[in-house]
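Have the viewer open and follow along.

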Amino acid sequence: MFEVYIDGASAGNPGPSGAGIFIKGEGEVFRYSIPLGVMSNHEAEYHAFIKALEICHDKGFSVVSFRTDSQLVNAAVEKEFVKNKLYAPLLEKAMELAGQFDLFFMKWIPSSENKTADELARKAVRENNMKGTED
């Protein structure tokens, strides 16, 4: 089983955003810092979730246990429902991807247990900002 820690971050709301993904399991460790462009913090959380699902699927993982400090994303996955219709297509895509695994789990954790994913997300925000200044 692979443990997947995810976090989204934004510098501003909306603002330059990034996804942080930390995966460990079966003696392997993977770290991803993915610039996401300009979006809200909540959108960044969903995009981090989707990117992590895509990465796990591409790597051929069959059993994944996700950890997030986003109560919004965790509650949406548990209920398979979002109040804010803006997030509905993101949740729909995530649930479709999650359904492709033999076993998929999602658990809320406090921010203090999600530091690596948070650092990776913040790094992605900085990379996003640098790209903006290079154009």
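## Fold at a glance

A quick definition to begin: helices here are DSSP runs of H or I with at least four residues, strands are E runs of at least two, and both are numbered from the N terminus. Keep in mind that this is a predicted model.

On that basis the protein has 4 helices and 5 strands. Reading from the N terminus, the order is β-β-β-α-β-α-α-β-α. The radius of gyration comes out at 14 Å, close to the 14 Å that the globule rule gives for 135 residues, so the protein is as compact as a globular protein of that length. The C-alpha trace spans about 45 × 35 × 30 Å along its principal axes.

## Packing and surface

Of the 135 residues, 45% count as buried. Among contacts with a separation of 6 or more, 70% are between residues 24 or more positions apart.

## Glu43 on helix H1

Glu43 sits in helix H1. Set aside its neighbours within four places in sequence, and Glu43 is in contact with Leu86 and Tyr87. Leu86 is 43 residues away along the chain from Glu43, yet their C-alpha atoms are separated by 8.8 Å.

## Helix H2

Which residues of H2 are buried? They are Val73, Asn74, Ala76 and Val77. These cover an arc of only 165° around the axis, which puts them on the same side of H2. An α-helix has 3.6 residues a turn, so residues three or four places apart point the same way.

The cover over the buried residues of H2 includes H1, strand E4 (63–68), H3 and E5. Turned away from that buried side are the exposed residues Gln71, Glu78 and Lys79. Just after H2, Glu80 takes a positive phi of about 50°.

## Helix H3

H3 covers residues 88–98, and Leu90, Leu91, Ala94, Leu97 and Ala98 are buried in it. Seen down the helix axis, the buried residues of H3 fall within an arc of 125°, so they line one face of the helix.

What do the buried residues of H3 pack against? Their partners are helix H1 (41–58), helix H2 (71–79) and strand E5 (103–108). The face of H3 turned away from its buried side carries Pro89, Glu92 and Glu96, which are exposed.

Technical notes: Residues numbered from 1 in each chain as written. Predicted model: local features only at pLDDT ≥ 70, side-chain atom pairs only at ≥ 80, totals over all residues. Heavy atoms only, no water. Rg over C-alpha atoms; globule rule 2.2 N^0.38 Å. Buried < 20%, exposed > 50% of the residue type's maximum accessible area, 1.4 Å probe, protein only. Contact = heavy atoms within 4.5 Å. Arc of directions from axis to C-beta.
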